[in-house]
Amino acid sequence: MRQLLILGALAVVPQPAAAQPAQIQCPGATTPQMRYCAEKSWEQSDAQLRQKVGTRLMEQWHEATKALCSHAYAPYKGGAIYPQMVVGCDDRLNRALLKEFRRRASP
């Protein structure tokens, strides 16, 4: 009974706000930091590309890049670095296409 009272008291104690993530200096020093940086870079290139091509084409682009990048890095599947490698591949492909759009837009 005493344990239940202690657990009940702990349940009503105000909890501190969620901790803010530590500032990460990209490209990062650890695998989780590098993965975070790769994800942030991909999010940026993905948003820029989405503005150029729209939602429907982006869905098709995601399917294609996911298949290509997953295949390219298949030997690393199951390893800690695999997700970062795939996201990095997606980001590089996004940026290559963005570069092509910029090149074609300039005279």
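Modeller: The buried residues of helix 2 pack against helix 3. They are Cys37, Ala38, Trp42, Ser45, Asp46, Leu49, Met58, Thr65 and Cys69. Keep in mind that the model is predicted.

Start with the form of helix 2. It has 42 residues. Its end C-alpha atoms are only 20 Å apart. A straight helix at 1.5 Å a residue would reach 62 Å. Where does helix 2 bend? The bend is at Gly54, by about 115 degrees.

Which side chain does Asp46 join in a polar contact? The partner is His62, and the contact is 2.6 Å. Leaving out residues up to four places away in sequence, Asp46 touches Met58, His62 and Asn94. Met58 is itself on the list of buried residues in helix 2.

Next, Cys69. Cys69 belongs to helix 2, while Cys89 belongs to helix 3, residues 82-105. The two cysteines form a disulfide, with sulfur atoms 2.0 Å apart. The pair links distant parts of the chain, 20 residues apart. The angle about the S-S bond is -75 degrees, and the link is left-handed. Are Cys69 and Cys89 buried or exposed? Both are buried.

This cysteine pair also sits in the largest nonpolar core. That core has six residues: Cys69, Tyr73, Tyr82, Met85, Val86 and Cys89. Helix 3 gives the most to the core, with four residues. Look at Tyr73 in particular. Not counting residues up to four places away in sequence, Tyr73 touches Tyr82, Met85, Val86, Cys89 and Arg92. Tyr82, Met85, Val86 and Cys89 are listed with Tyr73 in the core.

Besides the link of Cys69 and Cys89, a disulfide joins Cys26 to Cys37, with an S to S distance of 2.1 Å. This link is left-handed too, with -90 degrees about the S-S bond. Why does the pair tie together separate parts? Cys26 lies in the loop between helix 1 (2-12) and helix 2 (31-72), whereas Cys37 lies in helix 2, so the tied parts are 11 residues apart in sequence.

The two ends of that link differ in accessibility. Cys37 is buried, with a relative accessible area of 8%. Cys26 has 49% relative accessibility and counts as partly exposed. The cut-off for exposed is over 50%, so Cys26 falls in the class in between.

One backbone detail belongs here. Most peptide bonds are trans. The bond from Cys26 to Pro27 is cis, with omega near 25 degrees. Pro27 is found in the loop between helix 1 and helix 2.

To close, the pairing order. With the bonded cysteines of the chain numbered in sequence order, the pairing is 1-2, 3-4. Helix 2 has a cysteine in each link: Cys37 pairs with Cys26 in the loop, and Cys69 pairs with Cys89 in helix 3.

Note on methods: Residues are numbered from 1 along each chain as its sequence is written. This is a predicted model: local features need pLDDT of at least 70, side-chain atom pairs count only at pLDDT 80 or more; totals for chains, interfaces and linings use all residues. Side-chain values use heavy atoms; hydrogens and water are left out. A disulfide is a pair of cysteine sulfur atoms within 2.5 Å. Helices (H or I, at least four residues) and strands (E, at least two) are DSSP runs, numbered from the N terminus. Buried means under 20% relative accessible area, exposed over 50%, partly exposed in between (1.4 Å probe, protein chains only). A nonpolar core is a set of buried Ala, Val, Leu, Ile, Met, Phe, Trp, Tyr and Cys residues joined through side-chain atoms within 4.5 Å. Contact means heavy atoms within 4.5 Å. The expected span of a helix is 1.5 Å times one less than its number of residues. The bend at a residue is the angle between axes fitted to the seven residues ending there and the seven starting there. A polar contact is a pair of N or O atoms within 3.5 Å; within protein, one must be able to donate a hydrogen and the other to accept it, and residues adjacent in sequence count only if both atoms are side-chain atoms.
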